[in-house]
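Here's a quick tour of one model, taken a piece at a time. Have a look at the sequence and the coordinates first.

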Amino acid sequence: MPHPQDTPHVVFLDRDTLSPETRLREIAFPHRLEVHAQTAPDEVAERIRDAEIVITNKAPLDREAILRAEKLRFIAVAATGTNIVDLKACTERGIIVSNIRNYAINTVPEHTFALIFALRRSIVAYREAVIHGRWQEAGQFCFFDFPIRDLAGSTLGIMGDGVLGRAVAEIGRALGMRILFSTYKGIEGMGPLYTPFDEVIRTSDIITLHRPLMPSTQNMISHREFAMMERSPLLINTARGGLVDEQALAEALETGRIGGAGFDVVTSEPPPADHPLMKLAGKPNFILTPHVAWASQEAIQALADQLIDNVEAFQSGSPRNCVAA
């Protein structure tokens with residue numbers, strides 16, 4: 001039987017980023033597991049100092065922490081995005097990094113359309129009006145204070161052609177929508193299945209974002225793009241904070257350049273009280289949800305299962321979903 005000191009030391013930095021209902025199955029090989037509910041950035045280096053395997057969702061592993069963790073061999077990110085890990089430092093050290101893939105194929109598209117339906121039919125605005133007595137004030141069987149539009153026949157511009165963008169397109173087609181897949185901003189010649197970025201901006205009734213955050217997508221929609229929007233579209237972002245210039249979004253919503261917006265992500269999470277999107281939160285044509293598009297019970301459990309699969313695959317010598325080393 002292995003001596004305790006010979007078994008891998010596994011550190012989970014932020015277990016509370018997965019819901020309490022999520023079952024994290026026992027890792028199949030002998031190990032020493034240290035679980036933290038949350039880990040602040042300035043606590044990471046000390047907590048992983050003696051770890052061989054680190055699991056993190058949002059706790060950042062910067063270069064200094066990685067270089068100080070001399071025993072570290074593997075980082076399992078409990079998410080798809082890996083921008084919280086200094087991948088260059090990991091490659092230099094030969095540390096393998098894995099991520100989670102294709103677990104949110106239902107939950108993110110469904111949340112996307114929950115936002116679209118709510119905004120397109122002014123569900124939140126009508127609910128609030130009813131709560132505040134507007135129905136009684138109207139004195140008839142209904143009232144028409146807020147716009148209601150069908151999705152059938154409208155144009156859905158999708159920015160992102162991965163598994164989530166394609167799933168959104170499938171739902172849109174089932175609802176009778178015209179689907180446009182945008183070319184990447186500044187990229188031409190992507191083929192006949194793509195519509196130029198600027199044309200999607202100009203002609204869409206609804207624009208939904210499903211791109212990763214990287215230098216080429218930072219603020220991909222800003223003042224220029226909002227000024228081009230001819231159809232006062234809805235703008236939906238269930239992908240990453242930072243894809244949209246948030247101050248420009250606030251101005252576009254305030255001036256009526258867009259008809260509404262539904263966001264599940266912000267550049268700073270949680271956002272401070274004076275954040276531009278927090279200032280919009282009470283508007284009837286704006287919905288801000290707390291980064292939960294990914295968080296159906298089914299999706300989180302699938303993520304947790306895949307997370308342990310990744311750890312076990314690494315230990316068996318066949319790492320999977322590798323993004324570094």
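## Ground rules

A residue is called buried under 20% relative accessible area, exposed over 50%, and partly exposed in between (1.4 Å probe, protein chains only). Helices (H or I, at least four residues) and strands (E, at least two) are DSSP runs, numbered from the N terminus.

This is a predicted model, so local features need pLDDT of at least 70 and side-chain atom pairs count only at pLDDT 80 or more, while totals for chains, interfaces and linings use all residues. Residues are numbered from 1 along each chain as its sequence is written, and side-chain values use heavy atoms, with hydrogens and water left out.

## Helix 4

Helix 4 (residues 107-120) is largely enclosed by the rest of the structure, because 11 of its 14 residues are buried. Among them are Val108, Phe113, Leu115 and Ile116, but also His111 and Arg120.

The length works out too: at 1.5 Å a residue, helix 4 should span 20 Å, and its end C-alpha atoms are 20 Å apart. That expected span is 1.5 Å times one less than the number of residues. Serine 122 follows helix 4, with a positive phi near 55°.

Six strands make an open sheet with mixed pairing, in the order 2-1-3-4-5-12; two strands pair if DSSP finds at least two bridges between them. Strand 2 (32-35) and strand 12 (322-324) sit at the edges, each pairing on one side only.

Strand 3 (residues 53-56) and strand 4 (residues 74-77) run parallel, joined by 4 bridges. In that pairing, threonine 56 has valine 77 as its bridge partner. Helix 12 (residues 297-315) packs on the sheet, touching strand 1 (9-12), strand 3, strand 4 and strand 5 (96-98); contact here means heavy atoms within 4.5 Å.

## Salt bridges

Count a salt bridge when a side-chain nitrogen of Lys or Arg is within 4 Å of a carboxyl oxygen of Asp or Glu, and the total comes to 16. One of them joins aspartate 150 and arginine 121 (3.7 Å, N to O). Aspartate 150 lies in the loop between helix 6 (134-138) and strand 6 (155-159), and arginine 121 in the loop between helix 4 and helix 5 (123-131), so the pair ties together parts 29 residues apart in sequence. Aspartate 150 is exposed at 53% relative accessibility, whereas arginine 121 is partly exposed at 36%.

Aspartate 198 and arginine 224 also meet in a salt bridge (2.6 Å, N to O). This pair links helix 8 (residues 197-203) to helix 9 (residues 223-228). Shared partners join Lys185, Asp198, Arg224 and Glu225 into one salt-bridge network.

How values were computed. Axes fitted to C-alpha atoms, helices over the stretch in contact; angles between N-to-C directions.
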